[in-house]
Amino acid sequence: MITWRTEKHRQVASVGAVDIGAVFTSAGTYRRWRCWVSMCINPVSGTAVGEENARKQVEERFRAFLAAAGLQKAGEGGC
């Protein structure tokens, strides 16, 4: 299960003891996000309108990683 914790300038997504991504705080409408554990060897990042949409981007990329690694069937909602 993905849990979120608040740090000074970001919301950090974790699974167990592993940080998988973050949504960065900003004053505007858009939020920067980054997923460190994804299907790509490099971190994936972007922007989204609002914190909730940015969190969804991080969570979707982590779920895609789980499916690609055979750790979760595609379409399962375990995180």
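This is a short talk on the fold of one protein chain.

The model is predicted, so to speak of local features we need pLDDT of at least 70, side-chain atom pairs count only at pLDDT 80 or more, and totals for chains, interfaces and linings use all residues. Residues are numbered from 1 along each chain as its sequence is written, and side-chain values use heavy atoms, with hydrogens and water left out.

The chain has 1 helix and 5 strands, in the pattern β-β-β-β-β-α. Helices (H or I, at least four residues) and strands (E, at least two) are DSSP runs, numbered from the N terminus.

The 5 strands form an open sheet, ordered S1-S2-S3-S4-S5, with antiparallel pairing. Two strands pair if DSSP finds at least two bridges between them. S1 and S5 (44-49) are at the edges with a single partner strand each, so one side of each has no neighbour in the sheet. Between S1 and S2 (residues 10-15) there are 6 bridges. Helix H1 packs on the sheet and touches S1, S2, S3, S4 and S5, where a contact means heavy atoms within 4.5 Å.

Now the interior. Of the 79 residues, 30% count as buried, that is, under 20% relative accessible area with a 1.4 Å probe, protein chains only. The largest nonpolar core has 12 residues, including Trp4, Trp33 and Phe62. Such a core is a set of buried Ala, Val, Leu, Ile, Met, Phe, Trp, Tyr and Cys residues joined through side-chain atoms within 4.5 Å. H1 gives the largest share, 4 residues. Val58 belongs to this core, and among the residues that Val58 touches are Trp4, Ala13 and Cys35.

How values were computed. Buried means under 20% relative accessible area, exposed over 50%, partly exposed in between (1.4 Å probe, protein chains only). Axes are lines fitted to C-alpha atoms, for helices over the stretch in contact, and angles run from 0 to 180 degrees between N-to-C directions. Lists of a residue's contacts leave out its neighbours within four places in sequence.
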